[in-house]
Amino acid sequence: MAKIIILSIRRDFCKNISFRTNMILIRREICRHKNLSNVRCKTNKEKKTLNEKTFKPIKATQTFYQLGTSSFPAYLSLGEKGMIIEGGTGATFKIIVNQIEELGIDPNRIQFIVLTHTHADHIGAVPRLKSIWPHVKVLASPVAAKTVSKKEMYEDFLCTDQAIAEILKGKGDIATLPPTLQDYSFAVDQVLKDGDTIDLGAGISWTVYHAPGHSPCHIALFEAKEGTLDIGDSTGFYVPEKDVFWPNYFESLEKYCDSIRKLSSIPAQRIVLSHNCVIEGGVKKHFEKALKATQHYHQDLIRRVEAGEDSEAIALEKAQWVSSLTDILPFEAIVSLAKLLIKRSQQEVEKPKLFIFE
Ligand SMILES: [Zn+2]
């Protein structure tokens, strides 16, 4: 079903545009009804209306809310000032705005949108939010600032963003497609360096950690007062209901593993993922499992390539496995991603301590 939808979207929107499939991370809402042993996974409560679902904001802590949908969440941190983490998608923009309104938050209080990274499924709401709330400043890494300054990025971004909207509409998550904008481009207003802090007042201050490997522009953010660590896509695509990871070292295996190790040393109470949910407790364990899963995935690829197995066949098999975890991902996209990971694994000269977790 998802395959048919995405193919028609590609025909309609992407005739002459290279379809950057590795930017499409369309996730099924997989957090529902889950009760994992050491993991408490919070999900958006959905209330069916005539044509679409209503996604309620989820209070994760006294000052931190999960917005958007479970598959494409954004987060709201509240000190004296407010900050949205994640740039959302065009399709979830309206949901996010409605949720903020439902919480009774004055938009003027929201001063920042911070981007974990600039993959297309993490920036789509930004131009729309900027159009209604021009006072809000966009914060991101230096690499992210450079990425969004390139005009050519917007063709691929828009193509993916529209594809996501079509799929969410197909699922009934939204009733109508978001209206088109005159201009989708936006700039990063403030560059975040490793170690920078974003002080929201009332004791809420976020520290920035550069965490490349998933993408070169990726950052994580830690708020020490409540122990909230937003790790974005740093540990890949995690399926809470099965406690399974699909490692996503799309930029570099070494950097990806280094980032996991770096983030695991932060004394967090909960981790916040760019897809699916907030995980309460078991933080160290999450990183340890992510690293182990990466090791297994990488070593299996290398063993099979060295044994003379055809890369295409390996990618196909890996894609089938991923499809068994998340059936909403278009199969072609998964195959492309699987191929990219084989390439990244082959590029890596495995260092002795690459997978050591301390
Ligand atoms: Zn990503």
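The exercises below look at one helix and one set of strands in this predicted model.

**Exercise 1.** Work out what span helix H8 (residues 311–325) should have, and check it against its end C-alpha atoms.

*Solution.* Start with the count: H8 has 15 residues. The expected span is 1.5 Å times one less than that number, so H8 should span 21 Å. Now check the ends: the C-alpha atoms there are 21 Å apart, which agrees.

**Exercise 2.** Find which residues of H8 are buried, and say how they are arranged around the helix axis.

*Solution.* First, pick out the buried ones: Ala315, Lys318, Ala319 and Val322. Next, look down the axis of H8: these buried residues fall within an arc of 105°, so they line one face of the helix. Then turn to the other side of H8, where Ala313 and Ser324 are exposed. Finally, see what does the covering: strand S16 (244–246) and helix H9 (331–347) are among the elements over the buried residues of H8.

**Exercise 3.** Describe the surroundings of strand S5 (residues 64–68) and name the strands it pairs with.

*Solution.* Begin with burial: 5 of the 5 residues in S5 are buried, so the rest of the structure largely encloses this strand. Then take strand S4 (residues 58–59), which runs antiparallel to S5 and is joined to it by 2 bridges. Here Lys59 sits opposite Tyr65 of S5, and a hairpin of 4 residues links S4 to S5. Phe64 has Ser77 in S6 as its bridge partner, and a hairpin connects S5 to S6 through 4 residues.

Terms used:
Residues are numbered from 1 along each chain as its sequence is written. This is a predicted model: local features need pLDDT of at least 70, side-chain atom pairs count only at pLDDT 80 or more; totals for chains, interfaces and linings use all residues. A residue is buried if 20 or more other C-beta atoms lie within 10 Å of its own, exposed if 12 or fewer, and partly exposed in between; C-beta atoms are placed from the backbone. The arc is that of the directions from the helix axis to the C-beta atoms. Two residues are in contact if their C-beta atoms, placed from the backbone, lie within 7 Å. Two strands pair if DSSP finds at least two bridges between them.
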